[in-house]
Amino acid sequence: TASFNSLIESDSAVYLESMIKKVKELYPQVERIGLDITFNTGGNVGALYRVVGLISDNPFEVSSYSRDTNVYQTSIVDITTEAYDEYEWFLLTSYVTFSAANEMATIFKQNELGKIIGQTSGGGASSITPILLPDGSFFTTSSNNVNTLKDKEGNYVINESGIKPDFEIPQNKLYDAATLLEILNR
């Protein structure tokens with residue numbers, strides 16, 4: 001029905017899971033799944049975490065820096081849904097990959113969920129904070145919480161300038177099947 005389809009299309013985790021189930025049914029020989037976030041300018045972090053929960057059954061790390069307290073921290077997120085970890089996952093990024101999509105690239109890299117292919121993501125590291133004034137007017141502003149990447153040595157790197165892919169390719173090769181296949185087969 002129309003309401004069911006609009007629910008699936010309005011929530012990226014629900015949409016992704018429905019597509020994975022379709023792939024499993026129609027193409028059981030598929031071994032790799034790529035998430036194309038090249039034109040994803042951000043969205044809901046809750047949906048992002050649920051998407052990561054579809055990729056891996058393992059709890060994953062999310063790191064941040066608080067400008068208020070000058071504290072870096074890493075939290076563990078554990079999503080209790082069925083993961084499709086039988087697939088080899090990869091991420092396709094571009095300079096337009098921004099905000100929550102940039103955080104997806106950060107989580108992918110920090111937790112080693114798969115290869116990141118494409119261009120350095122566009123950045124955007126601070127969540128937004130909605131502010132409601134007593135007169136009823138409202139606005140949003142960047143929060144003081146900044147997403148970070150915790151590298152293998154334990155250093156925190158603010159991801160405001162984006163996440164460098166594991167395999168950098170020019171924009172005109174982002175959807176070139178031969179280029180992608182050559183990288184995936186390495």
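Two ground rules first. The model is predicted, so local features need pLDDT of at least 70, side-chain atom pairs count only at pLDDT 80 or more, and totals for chains, interfaces and linings use all residues. Residues are numbered from 1 along each chain as its sequence is written, and side-chain values use heavy atoms, with hydrogens and water left out.

Let's start with the pockets. A pocket here is an open set of points on a 1 Å grid over the protein atoms alone, where a 1.4 Å probe fits, with protein on both sides within 12 Å along at least five of seven lines. Lining residues have an atom within 4 Å of a point. Grid points are joined across faces, edges and corners, and the volume is the space filled by probe spheres set on the points.

The largest pocket holds about 450 Å³ of space. It has 19 lining residues, and those nearest its centre are S12, L35, I37, N40 and V51. Which elements give two or more residues to this lining? They are α1 (2-10), α2 (12-26), β1 (32-36), α3 (45-55) and α4 (100-110). A word on those labels: helices (H or I, at least four residues) and strands (E, at least two) are DSSP runs, numbered from the N terminus.

For the classes, Ala, Val, Leu, Ile, Met, Phe, Trp, Tyr, Cys and Pro are nonpolar, Asp, Glu, Lys and Arg are charged, and the others, Gly among them, are polar.

Next, the second largest pocket, with about 370 Å³ of space. It is lined by 22 residues, and V45, A125, S126, S127 and N147 sit closest to its centre. The elements that give two or more residues are α3, β2 (60-66), β3 (71-77), α4, β6 (126-132) and β7 (138-150). By class, this lining has eight nonpolar, 12 polar and two charged residues.

Stay with β7 for a moment. T148 lies in that strand. Is T148 buried or exposed? Buried, with a relative accessible area of 0%. The cut-offs: buried is under 20% relative accessible area, exposed is over 50%, and partly exposed is in between, with a 1.4 Å probe and protein chains only. A polar atom of the T148 side chain lies 3.2 Å from the backbone nitrogen of S64. Leaving aside neighbours within four places in sequence, the contacts of T148 (heavy atoms within 4.5 Å) include S63, S64, Y65, Y72, T106 and Q110.

On to charges. How many salt bridges does a search of the whole structure find? Six. A salt bridge is a side-chain nitrogen of Lys or Arg within 4 Å of a carboxyl oxygen of Asp or Glu.

Take E88 and R32, with closest N and O atoms 3.6 Å apart. E88 is in strand β4 (residues 88-93) and R32 in strand β1, so this pair links distant parts of the chain, 56 residues apart. Both ends are partly exposed, E88 at 37% and R32 at 27%.

Then D166 and K109, bridged at 3.1 Å, N to O. D166 is in the loop between β8 (156-158) and β9 (167-168) and K109 is in helix α4, so the pair ties together parts 57 residues apart in sequence. D166 is partly exposed at 41%, and K109 is partly exposed at 26%.

One more: E182 and R186, at 3.0 Å between closest N and O atoms. E182 is partly exposed at 41%, whereas R186 is exposed at 56%.

Last topic, helix α4. Why call it largely enclosed by the rest of the structure? Because 10 of its 11 residues are buried. Among them are N102, E103, T106 and Q110.

Look at the loops on either side. S99 is in the loop between β4 and α4, and its phi is positive, near 60 degrees. S99 is partly exposed at 24%. E112 is in the loop between α4 and β5 (115-118). Phi of E112 is also positive, near 50 degrees, and E112 is exposed at 56%. For context, most residues other than glycine have a negative phi.

How values were computed
A polar contact is a pair of N or O atoms within 3.5 Å; within protein, one must be able to donate a hydrogen and the other to accept it, and residues adjacent in sequence count only if both atoms are side-chain atoms.
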